[in-house]
Amino acid sequence: MASTNLVVVLGDQLSMSLSSLRDVERADTVVLMAEVAAEASYVKHHKKKIAFLFSAMRHHAQALEADGWRVDYVKYGASGNSGTLCSEIVRAAKRWNVDRVFMTEPGEWRLKQEFEALKPDLACPLEMLPDDRFLCSHAEFGQWSKGRKQLRMEYFYRDMRRKTGLLMNGDQPEGGQWNYDQENRKPAADDLFMPNPPQFEPDSITKEVLTLCEKEFADHVGELFPFWLGTTREQAEQAADYFFEQALPFYGDYQDAMLVGQPFLYHSVLSPYINCGLLDPLELCRRAEEAYKKGRAPLNAVEGFIRQIIGWREFIRGIYWLKMPEYIELNALNAHRDLPAFYWTADTQMLCLKEAIGQTLQHAYAHHIQRLMLPGNFAMLVGVAPKQIHEWYLAVYADAYEWVELPNTLGMSQFADGGIFASKPYAASGNYVAKMSNYCDSCTYNVKKKTGQDACPMNALYWHFLSRNEKQLAKNPRIAQIYSTWNRMSDAKRKEYIDSADAFLQTLT
Ligand code: FAD
Ligand code: DLZ
């Protein structure tokens, strides 16, 4: 080779069209992919998540080779594998005597810093290119946020609708409204037909990875078997086809619903594939729009799905890059409790948490309202240290990468950023869970009871949370009404709530 390029493809860059691959010639280029101990273990990721990613990486390497690329793939445990991405880049740069290293910028701040710091150790330039698999660049988000008193997803989302033309009639939103969220809060009936996302039989590559993960990551959280996630682009596309045919029509109606024994309901379960690059988010939105235009799915469902992707997903990423590195240190509500042990075992009498955490350990998946209103809400009510709950979320979900997990956890679910983008904490008592799910029907605790040993603990914890954070939160106009209810209660009633919550908190380890 005349002049050699090394293109580094990270575990969440499994897209055929990647900025780092666009301007180099196959004949002059070696693609480096590496399974490394540091990435698998800097938090102890769920076993299924690691198996999913390693197998998807191995299949992607084959797809690149079939497309004419030369791939240098360093397997976990291969002789000489140094265990970190940086040292693998240094080793490969020497091995191939390269003139330049290219990569699409990583999704995480931590890695970007590491790669920047690596530059002096390399005998050639390293260039990081923007990740244009996202609609909104860092500069565009910075521009959008400039001068705004409040950063609200809704206004950002409208700009993304205008930018993409999705569900637009000229400059007007389809149906006359931008957002149909208020139609999307129906509790699900127990006897609804529930689609199940397709489950894929492991092939020989996945089987090899499963054997590796069983041995190497035995002390990591979660269940490896049965392993059902797709690990190729074709399988991810089959999962998308299934969603569009079976679940999208009801996606809106039951978006916030939760049912015992139903981990997926009408959610797409596509986030693991989207976030690692196997599915293109904008293409999915165009397919959803097409389903609406052809009368196969109603507007509230399609708008809701598109909003999650071009709205929330892009907005959350914008917040991450705008606010890091300070963001990860924020603890606006001064929360310092250790994460309760049952987050790692699902061993709790609270059925809602047992279900949400149990399915998380089993599938490395929970849907949005489960994540937000169950482990998220509970951690905030009891005052878990934001870093601990952040690390839990980063470890346990197959779709978790810091750029998307951190603002969702710290900002949306814990209010630990003091409201940079959430207008109020998503705090809820058992009442919310009873309304949106059937968990309370068969729970040991009584959701109708407010205090005492057999009352749903979330009822008293809710007031305990509000009471101990009154200084911080009472001035928030969106919860002023709740504080006036609290302050109208008799001293004895308030004490009863606080004592009941304190007694419960004593039982947490
Ligand atoms: P669907 O309900 O089918 O939604 C469609 C798609 O929209 C998703 O696949 C996802 O790409 C996108 N989306 C929806 N909501 C969000 C959101 N709030 N932020 C970003 N994208 C969104 N999502 C992740 O992808 N990775 C995470 O690590 C992650 N951590 C979270 C932590 C907490 C505390 C909370 C409250 C939410 C978190 N989310 C995260 C957002 C959301 O819960 C998941 O994207 C969603 O549950 C994925 O399941 P799905 O594909 O079935 O989603
Ligand atoms: C999450 C993860 C895991 C478990 N393992 C690897 C790996 O071995 N090699 C790799 O390139 N990436 C891995 N990743 C993803 C990274 O930790 C990180 O989240 C992304 O590269 C950020 O863009």
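Biologist: What volume does the largest cavity have?
Modeller: In this predicted model, the volume of the largest cavity is about 320 Å³.

Biologist: Why roll a probe over the atoms at all?
Modeller: Because a probe the size of a water molecule, rolled over the atoms, shows where empty space is left.

Biologist: Which residues line the largest cavity?
Modeller: Its lining has 23 residues, and those nearest the centre are Gly11, Asp12, Glu39, Leu53 and Tyr401. Helix H2 (37-41), helix H3 (47-66) and helix H5 (109-118) each give two or more residues to this lining. The largest share comes from H3, with five residues.

Biologist: How many residues of this lining are nonpolar, polar and charged?
Modeller: The lining of the largest cavity has 14 nonpolar residues, three polar and six charged. Asp12 and Glu39, both close to its centre, count as charged because Asp and Glu belong to that class.

Biologist: How do the residues of the second largest cavity divide by class?
Modeller: Its lining has twelve nonpolar residues, with no polar and no charged ones. Among the lining residues are Met350, Leu351, Cys352, Val433 and Tyr439. Tyr and Cys count as nonpolar here, so Tyr439 and Cys352 fall in that class. The second largest cavity holds about 90 Å³ of space. Helix H13 (351-363) and helix H18 (457-468) each supply at least two residues of its lining.

Biologist: Where does the second largest pocket lie?
Modeller: Domain 1 (5-129) and domain 2 (138-216 + 231-323) both give residues to its lining, so the pocket lies between them. About 500 Å³ of space lies in this pocket. It is lined by 30 residues, and Ser15, Arg133, Leu279, Asp280 and Pro281 are the closest to its centre.

Biologist: Why is this one called a pocket and not a cavity?
Modeller: Because a pocket is an open set of points, whereas the probe cannot get out of a cavity.

Biologist: Which helix gives the most to the lining of that pocket?
Modeller: H11 does, with five residues. Helix H9 (233-251), H10, helix H11 (281-293) and H12 each supply at least two. By class, the lining has 14 nonpolar, five polar and eleven charged residues.

Biologist: What makes the pair of Gln308 and ligand 1 a polar contact?
Modeller: A polar side-chain atom of Gln308 lies 3.4 Å from a nitrogen atom of ligand 1. A polar contact is a pair of N or O atoms within 3.5 Å, so this pair qualifies. A nitrogen atom of ligand 1 is also 3.1 Å from a polar backbone atom of Asp399. An oxygen atom of ligand 1 is 3.1 Å from a polar backbone atom of Leu270. Taken alone, ligand 1 exposes 810 Å², and the protein buries 99% of that.

Biologist: Which residues are closest to ligand 2?
Modeller: Asp12, Ala34, Val36, Glu39 and Gly107 are the closest of the 19 residues that surround ligand 2.

Biologist: How do you know that Asp12 and Glu39 make polar contacts with ligand 2?
Modeller: An oxygen atom of ligand 2 is 2.8 Å from an N or O atom in the side chain of Asp12. For the side chain of Glu39 the distance is 2.5 Å. The limit is 3.5 Å, so both pairs count. Val36 takes part through a polar backbone atom, 2.9 Å from an oxygen atom of ligand 2. The protein covers 99% of the 490 Å² of accessible area that ligand 2 has on its own.

Biologist: What is the peptide bond from Phe225 to Pro226, cis or trans?
Modeller: That bond is cis, with omega near -5°. Pro226 lies in the loop between helix H8 (204-216) and H9. Met324 and Pro325 are also joined by a cis peptide bond, with omega about 10°. Pro325 is in the loop between H12 and H13.

Terms used:
Residues numbered from 1 in each chain as written. Chains lettered and ligands numbered in written order. Predicted model: local features only at pLDDT ≥ 70, side-chain atom pairs only at ≥ 80, totals over all residues. Heavy atoms only, no water. 1 Å grid on protein atoms, 1.4 Å probe; cavity = no way out; pocket = protein on both sides within 12 Å on 5 of 7 lines; lining within 4 Å. Points joined across faces, edges and corners; volume = space filled by probe spheres on them. Helix = DSSP H or I, 4+ residues; strand = E, 2+ residues; numbered from the N terminus. Polar contact = N/O pair within 3.5 Å; in protein donor to acceptor, adjacent residues only side chain to side chain. Areas by Shrake-Rupley, 256 points an atom, 1.4 Å probe, with all protein chains shown as cover. Domains from an automatic or database assignment. Near = heavy atom within 4 Å.
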